[in-house]
Amino acid sequence: AAVSQGHISVVLLGATGDLAKKYLWQGLFQLYMDQVSSGHSFTFHGAALTALEPGQRLMFDVLKKLACPPDEAPNRCAVLKDQFLKLSQYHQLKTAENYTVLNREIETLLRQEGLKEAGRIFYFSVPPFAYTEIARHINSSCRPPPGAWLRVVLEKPFGHDLESAQQLAAELTSFFREEEMYRVDHYLGKQAVAHILPFRDQNRQFLDPIWNRHHVERVEIVLKETVDAKGRTSFYEQYGVIRDVLQNHLTEALMFLTMELPANVSRAEEVLQCKLQAFQSLRGLEKNSAVLGQYQAYASQVREELQKAQDYISTTPTFAGVLIHSDNLRWEGVPFLLTSGKALDERVGYVRVLFKNRAYCTQSETLRDAGHSQCKAKQIIFYIGHGALNTPAVLVSRNLFRPVMPEGSWKEAVGQSDLHVFGQPLSDYYVYSPVKERDAYSVLISNIYHGRKDFFITTENLLASWGFWTPLLDSISHQPLRLYPGGVENQHLLDFEMVSGEVAFTLAEPVELLMYRTIESKFRQSPLVSAWSEDLISQLASDIEKTASQTVARSGQFHLALSGGSSPVVLFQRLARHHYAFPWKHTHIWLVDERCVPLTDAESNFFSLHNHLLQSVRVPYFNVHPMPVHLNQRLCVEEDRGPELYAKEIMALVANASFDLVLLGVGTDGHTASLFPHSEDGLEGAQTVVLTESPVKPHQRMSLSLPLINKARQVFVLVLGKGKHDITTLLSRVGHAPRKWPISGVSPSSGQLVWYVDYEALLG
């Protein structure tokens, strides 16, 4: 045998559980077969809470059924299986004492054999509530001696939202170092998923020019299941499809596609660093980023298995389609669709990158060389398994390029059937499948042995993922689910489509119960639009766009004056992401008020406007008019005459100094723009732009005056949130008293005033 590299003890906790029976023992046996001549010696310790006799019996029942892989010589395998069983033993691990004994047994064994310990692997195949206690025992009495490594393998779920994941991570960190923890996401062991990065690396010459938003039309990451949750509803009811599949498996695949390629793909820490950066550039999800469904029988299965009352309603989704965007320059605007569900028409998993087609083919289709026609779809598919192909595979359209594939591990499949995949015959693709099919757990167990951390989920990676998904999970907890019958009968019920940055089911609900969205009435003698804040913002954004388009059609340009503060931020985001027909090219943007801080300061209204709107839309640079608060290296100094400069600019560009639309807010004290109660300037008189004092920091402000605002053709006032309920109620009762409540002085002399007030502000 080779020179001894030392001994490795593998301890499998939960050795008689489901996962262990189905995958883990087989994976450990595979590791033993692969590494038996590597120079390491092994022992395998199964452990559970069950007492010694029955536990031993259960465990050896599993071990006797271990299968020999088809590519292994049967007689060699029989010998190895025999040895594997001899090297395996069962322990009851229940008390602290049990761990001390296990530790002593390992030490004794090594002493007798004259072996040096290289490391220990503890595989936690137990429910997460047991982690902390087991971790405490291992840390206090079962660590290997100095010089030997410890690797602790953890199975999901790792919490069910950001907070619980942080708590679990903090507990584990008190017992283990980060490099000792291997969190398993078995998708990273799936051969097609594990090959995404190597594929990108080995095909850089072809992919470099096209792996970006100019060439990629869309990406789909899909895991469909035909089974339902029957028998597992107690787990499923707490988690649902997003936590069960999207937050981990599909998100990991997404990271492999979107992350920048590290210089060296085999350096784990470089890979992990790039992956983390990819997380940070994902755009936050909103309620409308997802469509959700639940198969019809689910509710009754839950009631039966969890003994719930007949009127119990479950809000747990069993189907989800989520639209994700990345805001980095490579992927900006490319839709990433993540979809998964139970009780669907087929079992299949794939990652599909569809490229934009830029060709027009003059020759008729029948005369074209099919394989290389530039008019056929161009796609790269990492086929995870099951489905029509029933094997992991990598498919590349022949009209893209012939990919470089590693010879020893992937082989080209030739002379294949008349199968159709993604709308094309299989013959339109270069198709590669693994030389040796390995199940995910064998791949991962081998990576644990080799210490390849990039195949596992680090704490930072885990928290980044939960940080991304938790806001969506919170916002949809009471969202209505689309019920579907299951299997082939779903037909088109679960088809969904992208509409300006959001997703919606294609087919209307069979019975539509539409709440009327917005109530129109009067407030202070002017039109009032009220609704829940989300609907209100979308109504307001549409009304602004309508005003803009009509104004541009009439006069060729649109002068819009915007306020600072927090309320408009959601409006800015809405305009940036949903209003692609907005005539930005002919729009001038003015500020209603500004804080006397540099424009690059986070407190600045212009900074916020730039962040949430201007950097996402195409307003000509010359049409943007920030207030001149920062002149001669100083802020809002009388002698610099900033207000006069702004007033002159308005007079020069805006006909009659009459803005087409002014957007205002209201403070809890009744201020509007930066015109505060009892303000010296700006409430009356001839001045159009004034310097004012705010009761709160930053105190100095610049603001349009009330007389100037009242010259506008339209004034929209936006009022959002419970905090504004008292002032809203007050304003509904008082008359024209601008010295007390500046907002009450807003009444355009020849224009129109419209109030946009959400239900929380209106009704409390």
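In this predicted model, 10 strands form an open sheet with mixed pairing. The strand order is E14-E17-E13-E12-E11-E7-E10-E9-E8-E18. Strand E14 (410-412) and strand E18 (482-484) are the edge strands, and each pairs on one side only. On average, neighbouring strands of the sheet are turned by 15° against each other, direction ignored. Strands of a sheet pair through backbone hydrogen bonds, and the pairing can be parallel or antiparallel.

Strand E7 and strand E11 illustrate the antiparallel case. E7 covers residues 216-224, and E11 covers residues 348-355. The two strands are joined by 8 bridges. Lys224 has Val348 in E11 as its bridge partner.

A helix also packs on this sheet: helix H10, residues 233-258. H10 touches E7 and E11. Its other contacts are with strand E8 (290-295), strand E9 (319-324), strand E10 (336-341) and strand E12 (379-386). The direction of H10 makes about 145° with that of E10.

At the level of the whole chain, the domain assignment gives domain 1 (7-155), domain 2 (188-359 + 369-490) and domain 3 (542-763). The centres of domain 2 and domain 3, taken over C-alpha atoms, are separated by 45 Å.

Ser732 was examined individually. This residue lies in the loop between helix H20 (725-731) and strand E33 (752-758). Ser732 counts as partly exposed because its relative accessibility is 43%, between the limits of 20% and 50%. Along the chain, Ser732 and Tyr646 are 86 residues apart.

Definitions and conventions:
Residues numbered from 1 in each chain as written. Predicted model: local features only at pLDDT ≥ 70, side-chain atom pairs only at ≥ 80, totals over all residues. Heavy atoms only, no water. Domains from an automatic or database assignment. Helix = DSSP H or I, 4+ residues; strand = E, 2+ residues; numbered from the N terminus. Buried < 20%, exposed > 50% of the residue type's maximum accessible area, 1.4 Å probe, protein only. Pairing = 2+ DSSP bridges. Axes fitted to C-alpha atoms, helices over the stretch in contact; angles between N-to-C directions. Contact = heavy atoms within 4.5 Å.
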